[in-house]
Amino acid sequence: MKIEMISFGKIAEFINNQKIDIAGIADTDAFKQYIENEFPALKSMKYKLALNKNIVQENTEITNNATIAIMPPFSGG
């Protein structure tokens, strides 16, 4: 499965935007576990995921060629 990762803010300092090709990632919970293993600094940070431009509120299925944004907390309008 191919996934494009896009990161913002402080997270972009250690995750450059990249495309990954991984097997066994079927949903956002599995993806979160994967990126926290690859980038341990994420474990101590608050962040949200957006799957194909939609904020993830609960575990969601990931399809091939999905784009996932990894975003730090933000405020404002």
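Before anything else, I noted what counts as an element here: helices (H or I, at least four residues) and strands (E, at least two) are DSSP runs, numbered from the N terminus. I also noted that I am working with a predicted model.

**Entry: strand pairing**

I began with strand E3, residues 48–51, and asked which way it runs against strand E5, residues 66–71. The two pair in the antiparallel sense, and I found four bridges between them. I then looked up Lys 48 and found that its bridge partner in E5 is Met 71.

Next I turned to strand E4, residues 54–55, which is antiparallel to E3 and joined to it by two bridges. Here Leu 51 stands opposite Asn 54 of E4.

**Entry: the hairpin**

How many residues lie between the strands in the hairpin of E3 and E4? I found two, and Asn 52 takes a positive phi near 50° in this hairpin.

**Entry: the largest pocket**

I looked up the volume of the largest pocket and got about 190 Å³. Its lining includes Thr 28, Asp 29 and Lys 32, along with Tyr 47, Lys 48 and Leu 49. Val 56, Gln 57, Glu 58 and Asn 59 line the pocket too. So Lys 48, the bridge partner of Met 71, turns up again in this lining, by the cut-off of an atom within 4 Å of a point.

Which elements supply at least two residues each to the lining? They are helix H1, residues 28–38, and E3. H1 gives the most, with three residues.

Conventions. Residues are numbered from 1 along each chain as its sequence is written. This is a predicted model: local features need pLDDT of at least 70, side-chain atom pairs count only at pLDDT 80 or more; totals for chains, interfaces and linings use all residues. Side-chain values use heavy atoms; hydrogens and water are left out. Two strands pair if DSSP finds at least two bridges between them. On a 1 Å grid over the protein atoms alone, a cavity is a set of points where a 1.4 Å probe fits but cannot get out, and a pocket is an open set with protein on both sides within 12 Å along at least five of seven lines; lining residues have an atom within 4 Å of a point. Grid points are joined across faces, edges and corners, and a volume is the space filled by probe spheres set on the points.
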